[in-house]
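Here's a quick walk through a predicted model. Have the sequence and coordinates open as you read.

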Amino acid sequence: MVLLRRVIGDALRARRQGQHRTLREVSSAANVSLGYLSEIERGQKEPSSELLAAICDALGARLSELLREVSDTVALAEQMPGVLVPMADEPVESTSVVRKATNRGVRQVTSDGSVAVQVRQDSPLKATLRSTRVRSADRDVVCAA
């Protein structure tokens, strides 16, 4: 089952690490305790809308951007067989399945070449989603002076 708080935490962590910032730096800027921010990033706590806005502000990100990223990840996960229900042991043709020694399945899907989602089935009722935005090399850059 997809847990929204885990997807939000993954998105926040990815943004923070992409900026090469520590939990301490972001927690100070957002005026939230380091431990609580860590729990949010690990998907153990679900932030309020006010706290989420403060964390986004500390990261220099728009709340709408973060929520759009989370929404895209959840939408892709909903389309994948076995994410919202227990995974079957047989591979599904439309996705690649990698089995590890722990017998947990890892499925990876790319949609439109712009978002890649990796889903790890932790248990029959729990899945971990990791999303990655694929940056196009031929993006237009507009500069204003």
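## A lysine in a loop

Let's start with Lys 45, which sits in the loop connecting helix 3 (34-41) to helix 4 (49-59). With a relative accessible area of 34%, Lys 45 comes out as partly exposed. Setting aside residues up to four places away in sequence, Lys 45 touches Arg 5, Tyr 36, Glu 39 and Ile 40. Arg 5 is 40 residues away along the chain, yet the C-alpha atoms of Lys 45 and Arg 5 are separated by 6.8 Å.

## The nonpolar core

The largest nonpolar core has 19 residues, and those touching the most other members are Leu 12, Leu 37, Ile 55, Leu 66 and Val 70. Helix 1, helix 2 (23-30), helix 3, helix 4 and helix 5 each give two or more residues to this core. Helix 4 gives the most, with six residues.

Take Leu 12 from that list. Ignoring neighbours within four places in sequence, Leu 12 is in contact with Ile 40, Glu 41, Leu 52, Ile 55, Leu 59 and Leu 66.

Which residues of helix 5 are buried? They are Leu 66, Glu 69, Val 70, Thr 73, Val 74, Leu 76 and Ala 77. These residues cover an arc of only 160° around the axis, so they fall on the same side of helix 5. Over on the other side, Glu 78 and Gln 79 are exposed.

## Salt bridges

Side chains of opposite charge can pair when their charged atoms come close. The count here is four salt bridges. One of them joins Glu 41 and Arg 13, with the closest N and O atoms 3.4 Å apart. That pair links distant parts of the chain, with Glu 41 in helix 3 and Arg 13 in helix 1, 28 residues apart. Glu 41 is buried, at 3% relative accessible area, while Arg 13 is partly exposed at 21%.

Glu 41 also pairs with Arg 16, and there the closest N and O atoms are 2.7 Å apart. Since Arg 16 is in helix 1 and Glu 41 in helix 3, this bridge ties together parts that are 25 residues apart in sequence. Through shared partners, Arg 13, Arg 16 and Glu 41 end up in one network. Then there's Arg 15 with Glu 69, where the closest N and O atoms are 3.4 Å apart. Here the link runs from Arg 15 in helix 1 to Glu 69 in helix 5, 54 residues apart. Arg 15 is partly exposed at 24%, whereas Glu 69 counts as buried at 12%.

## A closer look at Arg 16

Is Arg 16 buried or exposed? Its relative accessibility is 8%, so Arg 16 counts as buried. A polar atom of the Arg 16 side chain lies 2.9 Å from the backbone oxygen of Arg 21. Leaving out neighbours within four places in sequence, the contacts of Arg 16 are Arg 21, Thr 22, Leu 23, Val 26, Glu 41 and Leu 59.

## Two positive phi angles

Most residues other than glycine have a negative phi. His 20 isn't a glycine but has a positive phi of about 55°. His 20 lies in the loop between helix 1 and helix 2, and is exposed at 72% relative accessibility.

Asn 31, also not a glycine, has a positive phi of about 60°. You'll find Asn 31 in the loop between helix 2 and helix 3, exposed with a relative accessible area of 70%.

Terms used
Residues numbered from 1 in each chain as written. Predicted model: local features only at pLDDT ≥ 70, side-chain atom pairs only at ≥ 80, totals over all residues. Heavy atoms only, no water. Buried < 20%, exposed > 50% of the residue type's maximum accessible area, 1.4 Å probe, protein only. Helix = DSSP H or I, 4+ residues; strand = E, 2+ residues; numbered from the N terminus. Arc of directions from axis to C-beta. Contact = heavy atoms within 4.5 Å. Polar contact = N/O pair within 3.5 Å; in protein donor to acceptor, adjacent residues only side chain to side chain. Core = buried A, V, L, I, M, F, W, Y, C linked by side-chain atoms within 4.5 Å. Salt bridge = Lys/Arg side-chain N within 4 Å of Asp/Glu carboxyl O.
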